[in-house]
Amino acid sequence: MYRIGYMFEKKTRAVITAILNGINCLLFYTIESRGSKGKADIIVGLYNTNNGQRTWIGIQCKKGYISKAEQGRQMHAALKENGMFMFFATHNAKTNLVDFNPGFKEYVIEWTTSSRR
């Protein structure tokens, strides 16, 4: 079971890297916390070169099913307890792709265009 989760985390990180590489005004750093029992499996530090804003976000990877309600509870807890905006990455069995809740790419694009100093 550990290997399945590990491989899904690697796939998710590759997807995140591809998304972030496509945004020109963005520098980023990712940290994988394998085997952790923390709130997030992947931590991403973002830096907007246009305005100097920085933020950290977390991604919790789940290869199996996790309800939207449970995702919401965990996202709320991460924000309340750690001040971290969190996403869930889940495996889409139909397309064999990674789905994000909420939309990761949309969030990052919105953050880069709306952040003001």
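Figure 1. Because R13 lies in helix α1 and E32 in strand β1, the pair ties together parts that are 19 residues apart in sequence. Helices (H or I, at least four residues) and strands (E, at least two) are DSSP runs, numbered from the N terminus. The side chain of E32 also meets that of K10 in a salt bridge (3.6 Å, N to O). This second pair links distant parts of the chain, with K10 in helix α1 (residues 2–21) and E32 in strand β1 (residues 26–32), 22 residues apart. E32 counts as buried at 15% relative accessibility, whereas K10 is partly exposed at 32% and R13 is partly exposed at 28%. Buried means under 20% relative accessible area, exposed over 50%, and partly exposed in between (1.4 Å probe, protein chains only).

Residues are numbered from 1 along each chain as its sequence is written, and side-chain values use heavy atoms, with hydrogens and water left out. As this is a predicted model, local features need pLDDT of at least 70 and side-chain atom pairs count only at pLDDT 80 or more, while totals for chains, interfaces and linings use all residues.

**Figure 2. The salt bridge between E81 and K39.** A search of the whole structure finds 4 salt bridges, including the one between E81 and K39, whose closest N and O atoms are 2.8 Å apart. The pair links distant parts of the chain: E81 belongs to helix α2 (residues 68–82), K39 to the loop between β1 and β2 (42–48), and the two are 42 residues apart. E81 is exposed, with a relative accessible area of 55%, and K39 is partly exposed, with a value of 28%.

**Figure 3. The largest nonpolar core and the surroundings of V44.** A nonpolar core is a set of buried Ala, Val, Leu, Ile, Met, Phe, Trp, Tyr and Cys residues joined through side-chain atoms within 4.5 Å. The largest core has 20 residues, of which I16, L20, V44, L46, I59, F100 and F104 touch the most other members. At least two residues of this core are supplied by each of α1, β2, β3 (54–62), β4, β5 and α3. The largest share, 4 residues, comes from α1. Apart from its neighbours within four places in sequence, V44 is in contact (heavy atoms within 4.5 Å) with I16, L20, F28, Y29, T30, T55, W56, I57 and I59. A second, separate core of 7 residues includes I66, A78, M86 and F88.

**Figure 4. A nonpolar surface patch that includes W56.** Y29, I31 and W56 form a nonpolar patch on the surface, with about 350 Å² of accessible area together. Patches are made of residues with over 30% relative accessible area and no salt bridge; like charges are joined within 9 Å, and nonpolar side chains (Val, Leu, Ile, Met, Phe, Trp, Tyr) within 5 Å. Accessible areas come from the Shrake-Rupley method with a 1.4 Å probe; for residues, only the protein chains shown count as cover. W56 is placed in strand β3 and counts as partly exposed at 49% relative accessibility.

**Figure 5. N51 in the loop between β2 and β3.** N51 is found in the loop between β2 and β3 and is buried, with a relative accessible area of 14%. A polar atom of the N51 side chain lies 3.0 Å from the backbone nitrogen of Q53.

Figure 6. N101 lies in strand β5 and is joined to P102 by a cis peptide bond, with omega about -10 degrees. P102 is found in the loop between β5 (97–101) and α3 (104–114). The side chains of N101 and Q71 make a polar contact (2.6 Å); such a contact is a pair of N or O atoms within 3.5 Å, and within protein one must be able to donate a hydrogen and the other to accept it, with residues adjacent in sequence counted only if both atoms are side-chain atoms. Leaving aside neighbours within four places in sequence, N101 is in contact with K68, Q71, M75, F87 and F88. N96 lies in the loop between β4 (85–92) and β5. Phi of N96 is near 60 degrees, a positive value in a residue other than glycine, and N96 counts as partly exposed at 45% relative accessibility.
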